[in-house]
Amino acid sequence: MRSRTTPRPPTPRPARRTLLTGIPLLGAGALALGGCAPDDAGAATDVENILTISLNQTETHPSYLALTAFGEKLAEATEGRWGARVYANEALGAQQEVVQLVSDGSVDMAVISAPQVENLSMAFRPLNLPGAFVDIEHQTAVLKDDSIVGELFSSLEDERRLRVLGGFTQGSRHVYTDRGPIEGPEDLAGLKIRVQESDVFMALTRALGASPTPMAYGEVYTALQAGVLNGAENNEVSYVTQRHYEIAPHFTLTNHLVGLDYVMANMDRIEEMDEADQTAFTESFAAAQEDFVTLWAQETEASIQAMEEAGVEITEPDPEAFTPAIEEVGRSFLDSPEDEDLYERVRALADEMGVER
């Protein structure tokens, strides 16, 4: 076990930022929001049609920055006919609510975590399992490979009117706690760790030795502050942008999953565009995905530096302490030949790329 610790300066803990409430939901066909938009809505404003995008992260998160740039690029490419505005901090609702709003057209686009997409179709599960992706490079290659994900990404269109545009990595996910260091499952025993509402995350957290506690993402800071939770699992960027290090300053590199956010859009809204504007939409989003990869790498490095400066104890346990349980959980959720086929095609691409497991 390796541990890196910097003396933690005695800084006051500010109250959690107040989330925006009361922002009207803008249905398909909403036009100019203009100057009445809240300050944290990121977009090009002087366009004829504005796509509303829901996000559960803050305004400093790479998802917000990449999607704001997407709106600007779309406005330029369509000569002001279309743009987009990003609503951060769950301002339009929690993900489990927003995905239905995108489906019925009340919200145009959203970033939805992989476990929430499983609630729509279990066919997505193999991409969400521990062991599916080796690292971010492998995951990015899979998301661009239409022979692997093309049919899956179009599977929600007819029934749900949802188009999966692609995805943004959540990076390698780790566990952080209000006590530590964490060297193995025995150190997580009895600790209440926030997880997404997913049986995979529940099983994985139990396999890591902790007690899983499902909870909406926006409630985690307050729950940590109140002692309802002992920790959570996420990547370095979210850990820092959400300021969870203020209350849970022990970060353990469990590498239990390379997480994924899907970016989804209402099909009817996109089909309002003419053919040229749909092409501009597709190309602008592809550019946003490239922007995100660059931003993510930069933000991850900056987040690690911020963690060290804040005195976070970063522990790297022996891989054998957690890896066998992680891999066993992943394969235990392959419930059909189709699941196994997709899972193995994903892993085979890693071999073709020469990525070491």
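Predicted model: local features only at pLDDT ≥ 70, side-chain atom pairs only at ≥ 80, totals over all residues.

The side chain of Glu118 makes a polar contact with the side chain of Asn128, at 3.0 Å. Leaving aside residues up to four places away in sequence, Glu118 touches Arg125, Asn128, Ser198, Asp199 and Val200.

## The largest cavity

Rolling a probe the size of a water molecule over the atoms shows where empty space is left. The structure holds four cavities of 30 Å³ or more, and the largest cavity has a volume of about 270 Å³. Its lining is made up of 23 residues, of which Asn56, Gln95, Ser113, Gln196 and Tyr217 are the closest to the centre.

By class, the lining of the largest cavity divides into 13 polar, five charged and five nonpolar residues.

## The second largest cavity

The second largest cavity has a volume of about 110 Å³, and the residues that line it include Gln139, Leu143, Lys144, Phe168, Glu290 and Val293. At least two residues of the lining of the second largest cavity come from each of α4 (136–144), β6 and α12 (275–309). In terms of residue class, the lining of the second largest cavity has five polar, four nonpolar and two charged residues.

Technical notes
Residues numbered from 1 in each chain as written. Heavy atoms only, no water. Polar contact = N/O pair within 3.5 Å; in protein donor to acceptor, adjacent residues only side chain to side chain. Contact = heavy atoms within 4.5 Å. 1 Å grid on protein atoms, 1.4 Å probe; cavity = no way out; pocket = protein on both sides within 12 Å on 5 of 7 lines; lining within 4 Å. Points joined across faces, edges and corners; volume = space filled by probe spheres on them. Nonpolar A, V, L, I, M, F, W, Y, C, P; charged D, E, K, R; others polar. Helix = DSSP H or I, 4+ residues; strand = E, 2+ residues; numbered from the N terminus.
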